[in-house]
Amino acid sequence: MKQLFSNLKGNLFGGVTAGIVALPLALAFGVSSGLGPSAGLYGAIFIGFFAALFGGTQTQISGPTAPMTAVSMVVISGIVAANDGILDQALPSILTVFLLAGLMQVVLGVLKLGMYIRYIPYPVVSGFMTAIGLIIIITQLLPALGYYPKEDTLFVDLFKPQAEELFLENILKEEAGEGILVLEDFKETIERSGEITSEMILKEAQNLAGSRASGVIGAIRVLPRALERLKWTELILTLATILIIYGFKRITRVIPSTLVALLVVSGVAYFFHIEYRPIENIPEGFPIPEFRIFTEFDLGSISPYLFTAFTLALLGSIDSLLTSVVADNITKTRHQPNRELIGQGIGNSIAALFAGLPGAGATIRTVVNINAGGTSRLSGMISGILLLFILLALGPVASQIPAAVLAGILITVGISVMDYRGLKAIPSLPKNMRLGPIRISADVVIMLIVMVLATVWNLVYAVGIGLIIASLIFMKAIGDLTSKSSEVRALEKEKAWPDEKQFPKYLEDKVFIKHLKGPLFFGNTSGFQQLSLQIPPTAHTVILRLGRMQYMDQSGLYAMENVLQALIRKEVVILFVDLLEQPRYLMEGIDIIPELVPEAQIFDSFRSCMQWIRENNPVAKS
């Protein structure tokens, strides 16, 4: 507690500054997600406060981030579409997925898995981050141009027949569930269809139009219509926001340029009575918990999104721990990764209860906090409290912010979040993979696959596919390397180890020595299984030197058993030297030891093995 308040002034300035930086981003992420600006603000408040209170990084500032918002968009759009485009109806299921993601983060921390998250391959992360940037930029083109599909009457009219078809389909499903035979009497169907009003059809058509224009493909699909119906006022506000964000940084970085752009452009638009589209109204008063998460819980509606919830948890964990490393480098401290995951999970869980967006540790906000004097978790808590004060005192004012300003802010976020380091490295990476006549870097292939699939298809599946491809390429590379280093060669052709220099000449055609270098696993068992075929016919003893075989999996275990059985059938004596603990444990488990290789034929050193040969081999005795 003493440490918490040891630098009250610095933590106060740090928290206030970080909160000011977080405000425009929170509003922008909320609008971008589809839940509205209040969701972004609620997420920044509760994640910022509770992740700081319970987390393991003293100076971390948390809240909605671009990657977390992009994945959240997948959840929100999918569940809303499954609920006839009605957001309020879909909200309990959406928040349940967010709540599960937070709880999964807590479990990751409790199981002490924080240290393993850093093993996600860089090409997967690079492709994902670049895709995030492209998604944000492309999806913000429509609001930047002042085009909203649900307000385009001609576009909405195209979906009215489909809307009517959906209503009729729902009526027929209801009647089938009630046991009404539609083909015998259409009277009931006609009566129910009469309850459908033109307003209901219009609303459904608007939802369909919105779904049609959602995502990257949807935005590209309707971009020509948006250009035809361009609203110059909205475009000018967007461009002005972008110019101020980049231009003000050249003047000073003491004051956040994003906040300056928000205040200046919004103020000019409001006070000069420029016609613009404001963001959605931000509810006044303290956020109210969404108890419908529990009262309307439906496992069937969220089960398709359980993997997405895990992806959110994993992504939030990676994002937060990377920011923690940045904070460590600046402050020369060390964070507690598992405690940080628990804190982030608690923050995300509480945010979900109050209809807030999920988030993670935010690098820019954390750096701003440190530079402003923040040294303890108190600064993160103050940041959340400041945003709560803004919500309670200035909610109606914030509701007048132009939507085009937030579009401009998000476009700059999309530009900044792309992984330019990975993109610039493409030409210089070693071309170690062949695709038909083309040689290309395996890392580049992984990055491009993840980037393209995440941009035009599905973020979650793209990451999963990228991880699978990266794992397969890695296993092939390790298998090739191990097979090469473990190539089976006769002693006179293989470089002898130092303790083999004095090996007797008269035993060279009688005793075959095999060096196993590296793990024996499913990626390199095929080469090892050729061992029995490559032993000289005059050899009656095989020495397997296993001191460098640190690991063996089940495939390697059974490959070893097959080879040993083949050798025993040829009446070859098998000797183990320097057998390590993990392989020995597995071999004892299926009785390779002692049935195929007795304890008396297992040696701690090559010298003791040679002593045994001299004592038990007739040729050696002679």
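In which helix does Pro594 lie? In this predicted model, Pro594 lies in helix H28, which spans residues 592-596.

Two residues other than glycine have a positive phi. One is Lys112, with phi near 60 degrees. Lys112 sits in the loop between helix H4 (87-110) and H5. Its relative accessibility is 55%, so Lys112 counts as exposed, the cut-off being over 50%. The other is His273, with phi near 55 degrees. His273 belongs to the loop between helix H13 (257-271) and helix H14 (292-295). At 72% relative accessibility, His273 is also exposed.

Helix packing was examined for two pairs. Helix H5 (residues 122-139) packs against helix H11 (residues 215-228) at an angle of about 35 degrees. The axes of H5 and H11 are 9 Å apart. The crossing of H5 and H11 is left-handed. On the H5 side, the contact is made by Ile135, Ile138 and Thr139. H11 contributes Gly215, Val216, Ala219 and Ile220. By class, five residues of this contact are nonpolar and two are polar. None is charged.

The second pair is H16 and H17. Helix H16 covers residues 306-331, and helix H17 covers residues 337-353. Their axes are 10 Å apart and meet at an angle of about 130 degrees. This angle falls between 115 and 145 degrees, so H16 and H17 are oblique to each other. H16 and H17 cross in a right-handed sense. From H16, the contact uses Ser317, Ser320, Leu321 and Ser324. From H17, it uses Pro337, Glu340, Leu341 and Gln344. Three residues of the contact of H16 with H17 are nonpolar, four are polar and one is charged.

The nonpolar interior was considered next. In soluble globular proteins, nonpolar side chains tend to be buried together. The largest nonpolar core of the model has 106 residues. Within this core, Phe98, Phe128 and Ile409 touch the most other members. The contacts of Phe98, leaving aside neighbours within four places in sequence, fall in several parts of the chain. They comprise Leu35, Ser72, Val75, Ile76, Leu312, Asn348, Ala352, Gly356, Leu357 and Pro358. A second, separate core holds 28 residues. Phe512, Leu531, Met560 and Leu596 are among them.

Thr59 is placed in the loop between helix H2 (37-54) and strand E1 (62-63). Thr59 has 4% relative accessibility and therefore counts as buried, the limit being under 20%. Residues up to four places away in sequence aside, Thr59 touches Ala327, Thr331, Thr366, Asn369, Ile370, Gly374, Thr375 and Ser376. Thr59 and Arg377 are 318 residues apart in sequence. In space, their C-alpha atoms are 5.6 Å apart.

Ser379 lies in helix H19 (residues 377-398). The relative accessible area of Ser379 is 0%, so Ser379 is buried. With residues up to four places away in sequence not counted, Ser379 touches Asn11, Gly14, Gly15, Ile61, Asn369 and Gly374.

How values were computed: Residues are numbered from 1 along each chain as its sequence is written. This is a predicted model: local features need pLDDT of at least 70, side-chain atom pairs count only at pLDDT 80 or more; totals for chains, interfaces and linings use all residues. Side-chain values use heavy atoms; hydrogens and water are left out. Helices (H or I, at least four residues) and strands (E, at least two) are DSSP runs, numbered from the N terminus. Buried means under 20% relative accessible area, exposed over 50%, partly exposed in between (1.4 Å probe, protein chains only). Contact means heavy atoms within 4.5 Å. Axes are lines fitted to C-alpha atoms, for helices over the stretch in contact, and angles run from 0 to 180 degrees between N-to-C directions. A crossing is left-handed if the near helix is turned anticlockwise from the far one by less than a right angle, and right-handed if clockwise. Ala, Val, Leu, Ile, Met, Phe, Trp, Tyr, Cys and Pro count as nonpolar, Asp, Glu, Lys and Arg as charged, and the others, Gly among them, as polar. A nonpolar core is a set of buried Ala, Val, Leu, Ile, Met, Phe, Trp, Tyr and Cys residues joined through side-chain atoms within 4.5 Å. Angles under 35 degrees count as roughly parallel, over 145 as roughly antiparallel, 65 to 115 as roughly perpendicular and the rest as oblique.
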